[in-house]
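This briefing goes through a single model, topic by topic, with the sequence and the structure for reference. Please keep both in view while reading.

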Amino acid sequence: MDGVPHLAPCPFCDGTDVGPIEIDVNAWAVVCRACRTLGPSGPDENLAIALWNTRQ
Ligand SMILES: [Zn+2]
């Protein structure tokens, strides 16, 4: 375990090169670096990850 929370693969390209980025002040979203899909944004990294994971 390296402390990185589980992230679902990208729902569009099935890529696993996904990670949270800060898109604005207090706004985070998970982005797929393969197809540049931006997931739903949340007020922190963990919520952005949770939102990404529920979007299948
Ligand atoms: Zn993708």
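In this predicted model, strands β1 and β2 form a hairpin with 2 residues between them, and asparagine 26, in the turn, has a positive phi of about 60°.

**The hairpin**
- β1 is joined by 6 bridges to β2, which covers residues 27–32, and the two strands run antiparallel.
- Within this pairing, proline 20 stands opposite valine 30 in β2.

**The sheet**
- As background, strands of a sheet pair through backbone hydrogen bonds, either parallel or antiparallel.

**Loop residues with positive phi**
- Asparagine 26 is placed in the loop between β1 and β2, and this residue has a positive phi of about 60° although it is not a glycine.
- Asparagine 26 counts as exposed because it has 10 C-beta neighbours inside 10 Å, where the cut-off for an exposed residue is 12 or fewer.
- Arginine 36 is found in the loop between β2 and β3, and arginine 36 has a positive phi of about 65° although it is not a glycine.
- Is arginine 36 buried or exposed, judged by its C-beta neighbours inside 10 Å? Arginine 36 has 10 such neighbours and therefore counts as exposed.

**The helix against the sheet**
- Isoleucine 49, leaving aside its neighbours within four places in sequence, is in contact with Pro5, Leu7, Pro20 and Val30.
- Two of these contacts, Pro20 and Val30, are the residues that stand opposite each other, with valine 30 in β2.

**The nonpolar core**
- The largest nonpolar core has 10 residues, namely Cys10, Val18, Trp28, Ala29, Val30, Val31, Cys32, Ala48, Ile49 and Trp52.
- Which elements give two or more residues to this core? They are β2 and α1, and β2 gives the most, with 5 residues.
- Both Val30 and Ile49 belong to this core, and isoleucine 49 has Val30 among its contacts.

Technical notes
Residues are numbered from 1 along each chain as its sequence is written. This is a predicted model: local features need pLDDT of at least 70, side-chain atom pairs count only at pLDDT 80 or more; totals for chains, interfaces and linings use all residues. Two strands pair if DSSP finds at least two bridges between them. Helices (H or I, at least four residues) and strands (E, at least two) are DSSP runs, numbered from the N terminus. A residue is buried if 20 or more other C-beta atoms lie within 10 Å of its own, exposed if 12 or fewer, and partly exposed in between; C-beta atoms are placed from the backbone. A nonpolar core is a set of buried Ala, Val, Leu, Ile, Met, Phe, Trp, Tyr and Cys residues joined through C-beta atoms within 7 Å. Two residues are in contact if their C-beta atoms, placed from the backbone, lie within 7 Å.
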